[in-house]
Structures are given as structure tokens and as C-alpha cells.
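Please find below a short note on the model under review.

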Amino acid sequence: MEKPFTQSNLGDGLRGRVEECALLDELVSTIVKGKSRALVLQGEAGIGKTALLQYLVASATDLTVVQAAGVESEMELAYASLHQLCAPLLNRTEKLPAPQRDALQVVFGLSAGSPPDRFLVGLAVLGLLSEAAEKRPLLCVVDDAQWLDQASAQTLAFVARRLLAEQVGIVFAARDPGDHLRHVSEMQVRGVADGDARALLSSAVRFVLDERVRERIIAETRGNPLALLELPRGLTAMQLAGGFGLLEAQAQALTGRIEEGFVRRLEPLPQDTRRLLLLAAAEPVGDPLLLWRAAKRLGIGLSAAKGAEAQGLLAIGERVTFRHPLVRSAVYRSAVTEERRAIHFALAEVTDREDDPDRRAWHLAAAAAGPDEDVALELERSARRAQTRGGLAATAAFLRRALALTGDPGRRADRIFATAEATFQAGEFDAALGLLATAEAGELDEFQRARADLLRGHIAFASGLGSDAPPLLLKAARRLESFDMELARETYLTAWGAAGMAGQLPGEDARLEVSRAVKALPRPQGRPRPLELLLDGLALLTIDGHAAAAPTLQQAANVLTSIPVEDVLRWGWMATVASTVVWDFESLYEISVRQLQLVRDVGALAQLPIYLSQLGIALPWMGDFAGTASLVSETDGAAAAIGSPIAPYTLLRLRALQGREAEASEAIAGAVELAAVTGQGMAGVWAQWAAAVLYNGLSRYEEAMSAARLAASDTLNPWMSMWALPELVEAAARRRNTELARQALDRLTETTHPCGTDLALGIEARSRALLSDGPTAAKLYREAIERLSRTRLRPELARAHLLYGEWLRSENHRPEARQQLRTAHEMLGRLGMEAFAERARLELLATGEKVRKRTLETGDDLTAQERQIASLARVGLSNPEIGERLFVSTRTVEWHLRNVFGKLGIRSRRELANALAGSDSPA
């Protein structure tokens, strides 16, 4: 039963909050009815966010409530706030899939293990909350979200964005939600109206107040409830009579004024009471036993709490809580440095070394008056523990504190680099560059200078400054040769790949320099390893061309199918380059499938969009459009979950082959814009390739020729120009631009002839036939069909039948033309290549045959995610397995399947096979 809202059950503390409380009541009602809600209450300090959360919790009598609060002093301790929120639910982790359960146990320090991907942690928390809500709806309340540690903020934002059909609500309160929560629905909490403001002020001032001073206070506080209650407190009637007591605070921000009001209330308190308050402010856990153990060590008695509790500043019960976070800030900031150090040292002494070593090290660091190597070593150990829990920001924070306590110049340089690298991994690029500048201002040896160059190159590449990254990485690789040849080779490979993102002019020069440097490296002893083969092959390709590089790259393509997971995660994103360059589709597909599975198995979800996009090259080429659509949906979900701006490579390929002009044009325009904004130059080239395929299907050969010329001109990415050249040959031949078509064919032959695969020679034969006549053309078309039929590339085979049929009709061989065109029309229609199928239909009509237009297949009204979930359910994945793959909860999967069943008119998963005909997918 919904709780009715009345002004009376708000109390004076929520005066003037009728609309806000009604919205929160509606939120609770929505969750009880079976839907998820996520909300951020945003407003300045003291505006009443915490009071609204208290009202929300009191209203949620039909819900299980779990709570957490960000603590300013814990912002760099990974997953501190998340653990606080999830602790009451951890008895339900046994019901989670093993990878998710293991991830939570590692990040909460309950077991040892490899650092889990932070998005796997997010998926685990989503599953935990969904599981907890199975029997009773769940409400998660997070106060002071602006002080959440980064790992907790990322995880909770991930969960908030993925909620859909669970009976789970998450409500945050924050002064500034920050980037993590910017996509969550928001309610702006503003000051109360003037009438309520006057009533609040009157409750805090027990004497007659000058009306002009009253109005001034109301205007300056802008209806902020806490400010109205706290600013006048401690000021006498004489001070407020003319408003002169407020002049000193006139220039301060509102938060500063409120804090100053609390500081005034501290001044008359006994010294032991103030020290107890400072102890509570420095101890973020809120553990009363820990507080009193530290107080005893400092000689503070139980009576010290009476003054603080009497003033309403502190409450000591099951937990130690301040009346408001600003009280904590006021207490801590008003203390002198020596007092803070003594307090932190006492807390360190009473914090258990075994149970909570990280907070102990944190307190010891705060207590240190100068360099202290013992404490620095403790902090380094804490950094390693944070690393195993996946807390990159916490790792960097511990190392920064260790660095500050380091006096030895030799150790200081090493710690600067370790801190800079951890800071970079945490995504704080500017801070990492600042640390590098500090290191380079001192004495560095050659290896340290190489590390500096390498880190600068990684930062430049990761931040999107493609033109800066290749030369920095090249410089680092050259310096690393004398110290670590394996790392040098990896760096050269990254530099070669980064050059592809740099753009035509700077990228070409950088790639040539990288390739020359690689060729000058000493030959490896024994059998070359996959990395060495790949790098040597790419260097040969850049300098000497396809013919010289093909044998090495073919060898690399074979061995890259089985590299260990460590190599996949470090440089595996470059592994498919060898296969694509030598037209080895089988290796391309095998590598893509295996690497995607490895990435999923280890939970490296941050890299998932890259590996999904690699498989997204293979599936549409195989004609598996249902699998490709599923892959597009999964890629979009993964990219949205992790905030990746990766271009829609798979979607572009799918839409181009389908030939749906409106949808394809939208994707092409979006990719071109993304390339311009983010510097992903390859996205723009890929879009032109997609446009060439689209317009060839639509028989708009002038536009196809223009797009193909642009795509084929990108010699920096050899596979892109290779794939665009057959489109250019076809479009130019149809426009009777024979010279351009022959130039494109010559370039294509340079890539296909040295490889000798059926795919390469089949594409070459089909393209050459377009520029041939008579028996030669017929022989080439038949060769193309024969070779392509031995590959998995159904779309290319169907297009060969289409071109052969068109040629036969033009030669007036109508019976033979009908046979080829019927085959093409049937294949293209079955694949879903609508534009090419229509092209075949029109050709058949021209031969005198009657052919009806293709109609939409059953299930075309499913959304992309519905079709994806239905396809995964059809091949036997359970709801939890589908949820894990798609970053949603099991309940959300169930909700989507109910929609699918309704749209398809079926009742069970067993009926999906017939309802989704034609969607067999190796994905």
C-alpha cells in the first residue's frame, strides 16, 4: 500500500519539500511495482539532500534498504564505498556466476586472485543487487556521492545505467555528480521558498531580528536550509542587529560560511571534546570501538563525547556519525597540522595490521612529519594490494604518498616512474605527464629515459593525439633495444599501429621509420616468435610491398592463432593484421573467435569492443547478418558500458551489404563525423568503403566510384585499400572509366597474386573479368565462382554469380544469364543483401522472367537487442549467460524474452528455432 503524503509527516527539517518528497514517493511506488529507477539528487552543501534521503529511507517500508556514503578521506581507497553498500548482501554471492563471484571477493579483499576488470565487477554488482531483489524490492541509497572513490563511482554508475526490469532503485545525493553519473536521471534540489526560509531562520534565532537583516540572510543563503539554521548560530543579538557580524563572511563561498558556523560552535568546547571530534573526523569507517581505542591511547575519556553530542555535532551509536559532512570538514580543517598528525598516529596504532593494513598505512602516512622509508614501503605494499583488487586510482594514490615520503634520490626516481605509470593506467593523463616532468628534471639513466618516452607515447596514443604518439613510441622503442628487446618490439608494433590512427601524412613517415628500425634489429635466436614474425612482416610490407612480405605474413597468420592470453591482452589487437593483408580469411576468423573468447573468459571487458569489432569483419563477410546484428548490439552495449568511443565498424559493414540506404547513410555520416571529432582516421576510410559497397549495390556507380577512390587512397592501412579496390574496379568498369579500373586492378593484383588463396584469386578473377571480353571473361567469371565457392564468403560468391549473369545478359545469352541471375537473386535474398538482390531482380526482368520483390522476414520488427537475446537463447545460452554477455541482469533478459515471445506469437524458447528462420550464427 502506498504511503500517503502529508506535510505533517515531513517534519520541520523538510519544510518546503512537498514536490521533492512526492517524487521520491513515486520512485518507491515504481520499484514496488516491479521496475527499476536510478536518480541523482544534486544540490549545494546544506541544501537538504541528506534530509531527503532520510525521508526516502523512512518511506521505503516495503523495500530492503542498503546505504553507503562517500567519505572525503577515503576517495583514493578502491571500492571502499561499494563494499560499504554491498556488505549486507554478500551472503548472496554464491548464487552469482563464478567469474562474477570471484571478482567481488577479490576487490573486497575476501580472497586473492588476479585483478578483475572493473566492468566485470560492475556486472557482478548488478547481478548481486538483482539477486537480492528477487524476494523483496531493494533500494540503494548513496549519500555524498561526490566523495565516492573512483572505483565505487564507476561501478555504481555502470549499474545505474544498466537497470531496467529489476525491482531495484539507486538514489545518489551529490553536490556535483561528476562525469560518472552524468547519464543518470537527475533532480535538482534548490533552496526553499521565502516563507519556509523565514520559518527556518526564526527557529534558529530566538530573539527579534531586524527585518532588513532577516531579508538579507534569506537572500544570501538562497533558501539553503542548513545555512539558515547554522549561519546565525553563535552570533549575538548585538552582532546581528545591523548585520555587521556577517560582513567577515561576506566574501566566502556558502560552503565556507556554513563550515565557519560549525567552527564557531567548536570554540567553547573542552579540549578533549574537540580532540575526540577530530579523531572521529580522521577515522572514516565510523567504528565506535576503534574510536574509543584511539581515544584511550590519547588519554581522552568517555565524558568528552557529552559536549559533542549535546551540541548536536556527533552521534555515537552502532556507528559514529556527524550531523552533517560539513561538520567533519570543519573539524578536520580547523585543526593545526601537529594535532592531525597525533590523531592519525593514534589511529594507525589501533588499526589492525592484519585485518586493515591499507588504512593503517594511510594513517601512518598522514602522521609522518617528513621522509620515512618504513612507511613508504608499507604504502608500496598497499599499492600492490590495490592493484590486485583492480583499484588503479588507489594504486596511484598509495604510490603518490610513498613518493612524498621518499628521501633517497635513487629510490625517488624509481617511485616517480611507478607512480606515473599507475597514474596513467588510472586515466589521469595530465597528472602522469606532470610526474614525468618532475622525473626528467633530475638525473635519469638511459633506461629511465626510455621508460619516460614509452609512457609519453602511451599517453599520447590513449588520449587520441595520434600525430604525437608514433614518434614518441618510436623513440622509446629505440632506447629500449639496449635493455629489453621484447618490450622494444612490442613498442615498435604499437607505434606501427598508432601510425594508422595518425592520418595520411604524419602516419606514412612514422610507419616507414618504424619499419626501417625493425629491419635493422638483430635477428632473433632460434625459431622466431609470433610477435617477431608479425613485426618483421609488417616492416617488409611497408618497405618492400606485398610480394616481399607475403611469405612472412602468411607464416605469422598461422602462428598467431594460438598466442597465449598474456600476449592477446598486450598486443593481440594487432594480430589479425597479418591475416587480412594476405587474404587469409580462415585465420582471420579463427583468431577473432579465439581472442574474443579469451577476452571474455578473463573478464577484460575494457578491451571487449575492439575484439568484437574484429569478429565484426568476419561475420558479415560470411553472410551471417543475424549474427552480425547481434554483434553490433553487443558492441554497442559494451562500448556504452565502458564509455568507449569506438567507431561503428561492424554496423557500417552490415548496413552496406544489406543495402538499406537510409540506415546505411546515417551510419556512414556518423562515422565520418566521429573520425573528424575523435581523430579515428580509419573510421572515415571505413565509411567510404561502406559507401562504395552500398552504391554498387544500388547501381549508382558514379557515387560508388568516388567513395571507393577515397577508401583505396589510404595506403597507410593496406587492408582498407585492398578491400576497396574490387569496389573501385566494379564501379569504374560500369562507368566505362577503363583506365581507372585497370589501375585499380593492377594494384589489387599486387595484393592477391602473392597470396594465392582461393579468396584472393577469386576476387582477382572476378575483377579481371569485368575488364575482359568474350571467352576470356566467361572463363574468369567461372574461375571466380569456383574459387569463391570453396570459401565461406557467401556474399562475394553471390556477387560473382550476379556479375556473371549481368555479363551474359549483355552478351545476349539469356538462358545462361537467367540461370546465374536466379542463383544470385536467391542467394542475395536469403542473405538479406536487399540492394544487390533488387539489382539481380531487375536483370531477371530484363531477360523476360517474372520475379516478385522480396518481402520482410518474420521477426523484422524485433529491436536489435531483442533479436540478439532471442538468437542467444535459441542456440542454448541460459538467461544468466546471456545477461553476463550483454551487461544486463537475468531479470532484464527475461523481460526482453517476454517481449520477443509476444511479437513472434510464441510461448517458449523451443519455438525460437522456427520463428527466427535463417539466423544460424557461428557467433
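1. The expected span of a helix is 1.5 Å times one less than its number of residues; helices (H or I, at least four residues) and strands (E, at least two) are DSSP runs numbered from the N terminus. For helix 6 (residues 150-162), with 13 residues, this gives 18 Å, and the end C-alpha atoms lie 18 Å apart, so the two values agree.

2. The model is predicted: local features need pLDDT of at least 70 and side-chain atom pairs count only at pLDDT 80 or more, while totals for chains, interfaces and linings use all residues. Residues are numbered from 1 along each chain as its sequence is written, and side-chain values use heavy atoms, without hydrogens or water.

3. Helix 17 (residues 357-367) packs against helix 19 (residues 392-404) at about 35°, their axes being 10 Å apart. Axes here are lines fitted to C-alpha atoms over the stretch in contact, and angles run from 0 to 180 degrees between N-to-C directions. Contact (heavy atoms within 4.5 Å) involves Asp 358, Trp 362, Ala 365 and Ala 366 of helix 17, and Ala 397, Phe 398 and Arg 401 of helix 19.

4. For the protein as a whole, 47 helices and seven strands are assigned. Of the 923 residues, 56% are buried. Among contacts between residues at least 6 apart in sequence, 68% join residues at least 24 apart.

Technical notes
Buried < 20%, exposed > 50% of the residue type's maximum accessible area, 1.4 Å probe, protein only.
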